[in-house]
Amino acid sequence: MLKNYQNNYSMSIERVTIESDHLLEGEFRDKGRHAGVIICHPHPLYGGDMANNVVGAIEEGFASQGYSTLIFNFRGVGSSLGEYDEGEGEVRDAIAALEYLSKRLDQDARVTLAGYSFGAWIVSRAALSTERFEALFLVSFPFVVYKSDYLKTFKKRMYFVGGTEDDVAPIDDLYALYRELTIKEKFLKVIATTHFYPGKEAEIIDFIKENF
């Protein structure tokens, strides 16, 4: 069930099917054809899905700024077909979601790729194979599980959110990566919270409102 803070947008929900290796369920909110965002959820094997509180906060933030939003369940989650594929198939799912979103937007639309935890890793890996975006928005990139050096190769705008008590995405690792990024347009929001951002959703929303 989607969290209460998403209710402002509930009237515009369109349930959609995304064609990846398997059919995926998604929800699209149409805010126009000029800007859009896909949002990838946390780890499927640990309860992650598109109804996650952080996914909802990212979605609300971008929708409030006029972005059409696409959330979806990775393969094997909810009503999405298939099964967990250790990240490889999930990257293809993210690319399929981007392709779906692109068809709902103008050719020159502003596109952001966003993700939380496992979803941040997946969406950033998907970004390696496309130029169809202008910014990455990554919440709690899971440094203790996945390598992050490739993030230094991106030349487009990057936004990071991290928690001071996050044991999956340690804040010191985030600071180290952020310092090493050579791009001019990089943004960082640090929140006093754990990996799960309980009660901190509004701070994520406000960060998006301030920067998009």
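Which are the buried residues of H3? They are Phe118, Gly119, Ala120, Trp121, Ile122, Val123, Ser124, Arg125 and Ala126, where buried means under 20% relative accessible area, exposed means over 50% and partly exposed lies in between, for a 1.4 Å probe and protein chains only.

1. Basis of the model. This is a predicted model, in which local features need pLDDT of at least 70 and side-chain atom pairs count only at pLDDT 80 or more, while totals for chains, interfaces and linings use all residues. Residues are numbered from 1 along each chain as its sequence is written, and side-chain values use heavy atoms, with hydrogens and water left out.

2. Confidence. The protein averages a pLDDT of 95, and 95% of the residues score at least 70, pLDDT being the predictor's confidence in each residue, from 0 to 100. Over residues 1-9, however, the pLDDT is below 50, although this stretch has 24 contacts in the model beyond near neighbours in sequence; a contact means heavy atoms within 4.5 Å. Where pLDDT is low, the predicted coordinates should not be read in detail.

3. Helix H3. Helices (H or I, at least four residues) and strands (E, at least two) are DSSP runs, numbered from the N terminus. Nine of the nine residues of helix H3 (residues 118-126) are buried, so this helix is largely enclosed by the rest of the structure. What covers these buried residues includes strand S3 (35-40), helix H2 (88-103), strand S5 (110-116) and strand S6 (135-139).

4. The sheet. Eight strands form an open sheet in the order S1-S2-S4-S3-S5-S6-S7-S8, with mixed pairing; two strands pair if DSSP finds at least two bridges between them. The edge strands, each pairing on one side only, are strand S1 (13-19) and strand S8 (186-191). Neighbouring strands of this sheet are turned by 20 degrees against each other on average, direction ignored, with axes taken as lines fitted to C-alpha atoms, for helices over the stretch in contact, and angles running from 0 to 180 degrees between N-to-C directions.

5. Strand S3. Six of the six residues of S3 are buried, so this strand, too, is largely enclosed by the rest of the structure. In a regular strand the side chains alternate between the two faces of the sheet. Both faces of S3 are covered, with Ala35, Val37 and Ile39 buried on one side and Gly36, Ile38 and Cys40 buried on the other. S3 pairs with S5 in the parallel sense over six bridges, and the partner of Ala35 in S5 is Arg110. Four bridges join S3 to strand S4 (residues 68-72), again in a parallel arrangement, and here Ile38 stands opposite Leu70.

6. From S3 to S4. S3, helix H1 (residues 53-64) and S4 make a right-handed β-α-β unit; a crossover is right-handed if, with the strands pointing away from the viewer, the path from the first strand over the helix to the second runs clockwise. Within S4 lies Ser68, which counts as buried at 0% relative accessibility. The side chain of Ser68 reaches the backbone oxygen of Gly32 at 2.6 Å. Leaving aside neighbours within four places in sequence, the contacts of Ser68 include Phe28, Ala35, Val37, Leu101 and Leu105.

7. Strands S7 and S8. Six bridges join S7 to S8, which run parallel, and Val161 stands opposite Lys189 in S8. The chain crosses from S7 through helix H4 (residues 171-180) to S8 in a right-handed β-α-β crossover. Helix H5 (residues 201-211) lies across S6, strand S7 (157-163) and S8, running at about 155 degrees to S8. Val161 is buried, with a relative accessible area of 2%, and among the residues it touches, not counting those up to four places away in sequence, are Phe137, Leu174, Ile204 and Phe207. The C-alpha atoms of Val161 and Glu203, 42 residues apart along the chain, are separated by 9.8 Å.

8. Backbone points to check. Most residues other than glycine have a negative phi, and most peptide bonds are trans. Glu86, in the loop between S4 and H2, has a positive phi near 55 degrees and counts as exposed at 62% relative accessibility. Ser140, in the loop between S6 and S7, has a positive phi of about 50 degrees although it is not a glycine, and Ser140 is buried, with a relative accessible area of 1%.

Technical notes: A polar contact is a pair of N or O atoms within 3.5 Å; within protein, one must be able to donate a hydrogen and the other to accept it, and residues adjacent in sequence count only if both atoms are side-chain atoms.
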